[in-house]
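Colleague: I am new to this structure and would like to learn how to read its features step by step. Could you take me through them, giving the general idea and then the case here?

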Amino acid sequence: MISEEVINPQPYMPLPKWSLNFFYGVCQDMAKAQKLAPEDLVLITNMAMTAGIINDTYQLIKDEGYYTTGSTGQKIKHPAYEILKSALQEFNKMADKMGMGPVNRLRMAINQKSIKKEDSKPKIDLD
């Protein structure tokens, strides 16, 4: 029996619109693949919040410019770069936990190929 949390997933905290769309998109994709479990919802909510921070920070840098003027007049990287860098690192860690990293996808592709090869082998009954 599929739990209500999987049928109608909800984030465990309020999310801004962009993050909420991300949350529902990931949940929908995982549900289609029959990989969504209630215990995934906290991590997906955290990923959605982090994805929102990445999106907002990138927009800020894009709008205000990649460089700014420091206190002594020198040209420096926008301070939001550190926030963006940190959020990207966190997002990548969470994606890896969810099996969304490149190594996990490669591993799944290899497993799928081996399953298909085994299914395509003719079955010989020696009895």
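**Reading a helix and its rings**

Modeller: Let us begin with helix α4 (residues 80–97), whose 18 residues at 1.5 Å a residue should span 26 Å, which agrees with its end C-alpha atoms being 26 Å apart. Helices here are DSSP runs (H or I, at least four residues), as strands are (E, at least two), numbered from the N terminus, and the expected span is 1.5 Å times one less than the number of residues. This is a predicted model, in which local features need pLDDT of at least 70 and side-chain atom pairs count only at pLDDT 80 or more, while totals for chains, interfaces and linings use all residues. Residues are numbered from 1 along each chain as its sequence is written, and side-chain values use heavy atoms, with hydrogens and water left out.

Colleague: Which residues of α4 are buried, and why do they line one face of the helix?

Modeller: An α-helix has 3.6 residues a turn, so residues three or four places apart point the same way. In α4 the buried residues (under 20% relative accessible area, with exposed over 50% and partly exposed in between, using a 1.4 Å probe and protein chains only) are A80, L84, A87, F91, M94 and A95. Seen down the axis of α4, they fall within an arc of 100°, taken from the directions from the helix axis to the C-beta atoms, so they line one face of the helix. On the other side of α4, E82, N92, K93 and K97 are exposed.

Colleague: What do the buried residues of α4 pack against?

Modeller: They pack against α2 and α3 (40–64), where contact means heavy atoms within 4.5 Å.

Colleague: How many aromatic pairs does the structure hold, and how should I read them?

Modeller: Rings of Phe, Tyr and Trp (its six-membered ring) pair if their centres lie within 6.5 Å, and planes under 30 degrees apart count as stacked, over 60 as edge-to-face and the rest as tilted. The structure holds three such pairs. One of them is W18 and F22, whose ring centres are 6.3 Å apart with planes at 15°, so the pair is stacked. W18 and F22 are four residues apart in helix α2 (residues 17–32), and therefore separated by about one helical turn. In another pair, F23 and Y24, the centres are 5.3 Å apart and the planes at 75°, so this pair is edge-to-face.

Colleague: Is F23 buried or exposed?

Modeller: F23 is buried, with a relative accessible area of 0%, whereas Y24 is partly exposed at 33%.
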